[in-house]
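Please open the model in your viewer and keep the selection panel at hand.

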Amino acid sequence: MLWSTLLLALREIRRNVLRSFLTMLGIVIGVAAVITMVTLGKGATQAIADQVSSLGSNLLIVRPGQRLGPGATSAAPPFKMADVIAIQEQVPLVRSIAPTVTRGMTIVAGARNWSTTVTGSTNAWFGTGNWQLAAGREFSEAEERGGQAVCVIGETVRRELFGGQDPLGLSIRVKGFSCEVIGLLVSKGQSAFGSDQDDTVVMPLKTAQRRITGSQDISALRISVQDEAAIDQAKRQITLLLRERRNITDNEDDNFSVLDTRQITETLSSTTKVMTTLLGAVAAVSLLVGGIGIMNIMLVSVTERTREIGIRLAIGALEREVLLQFLIEAVVLSSLGGIIGIMLATAASIGLAAVMQLPYLFDPAINLLSFLFSAAIGVLFGYFPARRAAQLDPIDALRHE
Amino acid sequence: MSENHEPAIMRSNQTSIPLIEFSQVTKYYGSGTAGFQALRGVDLSINEGDFVAIMGPSGSGKSTAMNILGCLDTPTSGSYLFQGVPVEQLDRNQRALLRRTYLGFVFQGFNLLARTTAQENVELPLLYRGEKRSARHQAAQAALKSVGLDGFAHHTPAELSGGQQQRVAIARAIVTRPQVLLADEPTGNLDSLTSHEIMQLLTSLNHELGITVVMVTHEPDMAEYARRVIHFRDGQVERLQHNGGHD
């Protein structure tokens, strides 16, 4: 009975192809809109996460002062090398730690000059920042220890200063001293904040301290943690250790900040999530409207087919059999709309993701949910017309013209 | 469906009780002064295997009586026993089950499903009985054959003449092997030649399959085919007439 009712419903839908399609259109658009919005939203979130993780994996950035971003508050004392060694020795969750000093400077090579960021750090800097070398090598132990004038440059710096030339072995002038280029970084492109990550010059920490900043201060620590699950614990331990080392009493606030990349991701993707939710909600309203469209057509259909219903009832169809027939018809219509909507959404998402340069992530949950929701709309909005059909008086229905 | 298993047989040994028995059946439509008394105490009984025509001018209550007979409607008062079962006490679904098990309907306007083949139309009642596909198929073929529509199985009503459509309707009515065939002006939309063919078909179904036939008509020459004629007037049975020579 159920199977034959299903066939009957399909035949009824085929009988009025255009009308059935127009009836479904509301659901099709609703489902397609919801899925596309959510899929693109997820893609955008993923893109942000990817960009942030390109900063470095399981990365903690420790800066003096409480403010986020560049320009730490001046009152907070900077870190010293002893802090670095203490963290390395007392927090076993830390895999590597790169102390850094950073300055914005103008560098010169031949007749060209370029303003960039010069960072002094150790070889650990490459690991914590997920940097690979495109050519050349990292700093040698002697270079690090002796604070020799060598540097590794980013792709943007190479392009601006050397054009098509191979920079290895050549030198750049930084604040009156000459510095040999020993390595070239693999390009990473824009960061999540929109800055050019390749616009950078790195040299050994000691070199930068001695020749540029002129002090033993360390302006930030980039710490790579053993594994992602341990980030919070590592963060807690480092905070405790630094509070102790910086003589902060229990009722004082930290005078340094520990930022992890997950926090950055969350901050950046919260906007995207809000947008996704809003757009998804708007799209869901169109699903509801689609449901009302189905109810409308089903009511028309019941009126049109009053005589048929009368015949069925006279022949001995039970109330619930007629109810089931019309209900199934509505559900088949709406589910079919859902399936078409999913196909449309898949095509639209892939196309739009390509145009917007976002990754396309197929989300089975939202597809399944949308499909079930569209079927549920069929039940919800099909029930009233179906009940109306089932409760017709067979005599009146047979007399209906 | 579990309700479908009651067999439609038990025919021969029930001769003591009439198949259909109305006692003091009334039907009142509407209420108060706007109401209308369609039936005013009708007594009638129809036995197994009978062929009865119901005649009367319009408004005489013959259609109302027919609707009650077909369990499509219930009496306002009085009782209707079908095989000894008081129909007025059955609910909507029980009456539907009774219809699908024991009754077959033929209407004036044929009432076939449009854009549906003859075969599918005939199979429809079996579908509701939950019969298997192959069984439905065979029974429908046999029913179409018995009304002389061999080879028209895949025609839709639009492709058939009025007489052929009515034959499909009759095939649909008898495909379940009902006790009673109820025909409401079965020849009302047909020309006289076709009308006589349809009446001959009904007669042969009555004779050969033993199906009790109850038919409403306003044409005296169609009523001639029946064994008995019940004349209605003003919501009451006016007189009974026996046609000789048919037994």
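The radius of gyration is taken over C-alpha atoms, and the globule rule is 2.2 Å times the number of residues to the power 0.38. Select chain B: with 247 residues, a compact globule would have a radius of gyration near 18 Å, and chain B, at 18 Å, agrees with this. This is a predicted model, in which local features need pLDDT of at least 70 and side-chain atom pairs count only at pLDDT 80 or more, while totals for chains, interfaces and linings use all residues. Residues are numbered from 1 along each chain as its sequence is written, and chains are lettered from A and ligands numbered from 1 in the order in which they are written.

Staying with chain B, its C-alpha atoms fill a box of roughly 50 × 45 × 40 Å along the principal axes. Of its 247 residues, 46% are buried (20 or more other C-beta atoms, placed from the backbone, within 10 Å of the residue's own).

Next, select residues 118-129 and 133-146 of chain B, which are helices α3 and α4 (helices being DSSP runs of H or I, at least four residues, numbered from the N terminus). To find the contact, show the side chains of A118(B), V122(B) and L126(B), among others of α3(B), and of A139(B) and A143(B), among others of α4(B) (contact: C-beta atoms, placed from the backbone, within 7 Å).

Finally, move to chain A, where domain 1 covers 2-51 + 268-399 and domain 2 covers 77-254, bounds that come from an automatic or database domain assignment. The C-alpha centres of these two domains of chain A lie 56 Å apart.

Conventions. A residue is buried if 20 or more other C-beta atoms lie within 10 Å of its own, exposed if 12 or fewer, and partly exposed in between; C-beta atoms are placed from the backbone. Axes are lines fitted to C-alpha atoms, for helices over the stretch in contact, and angles run from 0 to 180 degrees between N-to-C directions. Helices (H or I, at least four residues) and strands (E, at least two) are DSSP runs, numbered from the N terminus. Two residues are in contact if their C-beta atoms, placed from the backbone, lie within 7 Å.
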